Amino acid sequence: MDTISENACFGGTQGVYSHRSAACACDMTFGLFLPQEAQDGPVPLLWYLSGLTCTHENAMTKAGAQAWAAEHGIALVFPDTSPRGEDVADDDGYDLGKGAGFYVNATEAPWAAHYRMWDYVMQDLPELLGNQFALDMDRQSITGHSMGGHGALTMAMSPQGQFRSMSAFAPIVNPTASDWGRKQLGAYLGNNEDLWSPHDATLCMRDRGFDGPMLIDTGTADQFIDLLKPEALAEAATAKRQQITLRMQPGYDHSYFFVSTFMEDHVAFHAEALWA
C-alpha cells in the first residue's frame, strides 16, 4: 500500500492510498477518514459508494461527511467506482466501463478481467483496511449515492450479513427494469437475467430484505427519478414489512448539494447502529 496524501481533518486524518487489488487485477485508489479516536484504538467503519462517473474523490471532497463522522467517532472509506489503468477495458459511454463498475463481478469479455467490484468492496479492500488501520471490522455500515446506492443496497442485503445498517442517497433500486441497469448488467453479466437478480435492490428486498435499519432519501426534483424507480423499492419494502425509512425530499435534485444536505442525518443514523 502506498500513501498518496494525508491531511489533518476535523481532528483526525483524511488519507488517500493506493494498492494492488487482487480482485480487480490492477492498482486501486481509495480515501479513508480516520477520526481522532482511532489514535487510541479501533473505530467503526462506514462505507460510502459513489455513483456514475465518480472516483474516490467526489464524496471525499463534496459530501461534507468527515465533520459528522468526527463528531460520532467513526471512520469513512471512499472506494473508487471501477478499476483503472491502460489495460482496463472501457467504453465511450459515461454509463459503462471506467467510472461505471456497477459493483458487480463481471463474467463477460472484455470486462471479466478487471471488473470485480463486488469482491473488491466485500473482500479485497476490507482485508487491507483491517490489516493496515485502526478499524473495528466487526462494526461496519454502508451508504452510497445513485449507482453507489444501488451497490450499498444489494451488498447490504447479500447473505454475508457484513453491515449493521444501510442507507442511500437517490439509489438506483430496480436496475433490471431501468435503462440505468439493463445495459450494464447485460454487458457485465450476459443475457441470462437470472444472474442479474442479486444486483437488483427491489428483487433482493422481495427475496430477503435486510436484518437491520435502512434509510433512503431521494429528491422529488431528481432529474433521473424515472431511472431510479424509488416507488419499486417502497412497494417491495412494504410487502416485506421491512424496517425502513423512505423519504422523498421536496425540491432536491441528484447533485452533491442534495447529498451534503442530508449527510448529517445519514452519519448519525449509522453511528447509532455502529455504537449499539
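The points below are grouped by topic and refer to a predicted model.

**Aromatic pairs**

- A pair of aromatic rings is described by the distance between the centres and the angle between the planes.
- The count of aromatic pairs comes to 11.
- One of them joins Trp 111 and Tyr 115, whose ring centres are 5.2 Å apart and whose planes stand at 90°; because planes over 60 degrees apart count as edge-to-face, this pair is edge-to-face.
- Trp 111 is buried, at 6% relative accessibility, and Tyr 115 is buried as well, with a relative accessible area of 1%.
- Tyr 252 and Phe 262 form another edge-to-face pair, with 5.0 Å from centre to centre and 70° between the planes.
- This second pair links distant parts of the chain, 10 residues apart: Tyr 252 belongs to the loop between strand 9 (245–249) and helix 9 (256–274), and Phe 262 belongs to helix 9.
- Tyr 252 is partly exposed at 29% relative accessibility, whereas Phe 262 is buried at 9%.
- Ring pairs join Tyr 252 and Phe 262 with Phe 169 and Phe 258 in a cluster.

**Backbone geometry**

- Most residues other than glycine have a negative phi, and most peptide bonds are trans.
- The peptide bond from Ala 109 to Pro 110 is cis, and its omega is near 0°.
- Pro 110 is placed in the loop between strand 5 (75–79) and helix 3 (117–132).
- Thr 53, although not a glycine, has a positive phi of about 75°; Thr 53 is in the loop between strand 4 (43–49) and helix 1 (57–62).
- Ser 146 is not a glycine either, and its phi is positive at about 60°.
- The loop that holds Ser 146 runs between strand 6 (135–144) and helix 4 (147–156).

**Burial around helix 4**

- Ser 146 counts as buried because its relative accessibility is 3%, and the cut-off for burial is under 20%.
- The buried residues of helix 4 include Met 147, His 150, Leu 153 and Met 155.
- Gly 148, Gly 149 and Gly 151 are also among the buried residues of this helix.

- His 56 lies in the loop between strand 4 and helix 1.
- With a relative accessible area of 13%, His 56 is buried.
- Setting aside neighbours within four places in sequence, His 56 is in contact with Val 16, Thr 29, Phe 30, Gly 31, Phe 78, Pro 79 and Asp 80.

- Strand 7 pairs with strand 8 (residues 214–219) in the parallel sense, over four bridges.
- Within this pairing, Met 166 has Met 214 of strand 8 as its bridge partner.

Definitions and conventions. Residues numbered from 1 in each chain as written. Predicted model: local features only at pLDDT ≥ 70, side-chain atom pairs only at ≥ 80, totals over all residues. Heavy atoms only, no water. Phe/Tyr/Trp six-rings, centres within 6.5 Å; stacked < 30°, edge-to-face > 60°. Buried < 20%, exposed > 50% of the residue type's maximum accessible area, 1.4 Å probe, protein only. Helix = DSSP H or I, 4+ residues; strand = E, 2+ residues; numbered from the N terminus. Contact = heavy atoms within 4.5 Å. Pairing = 2+ DSSP bridges.
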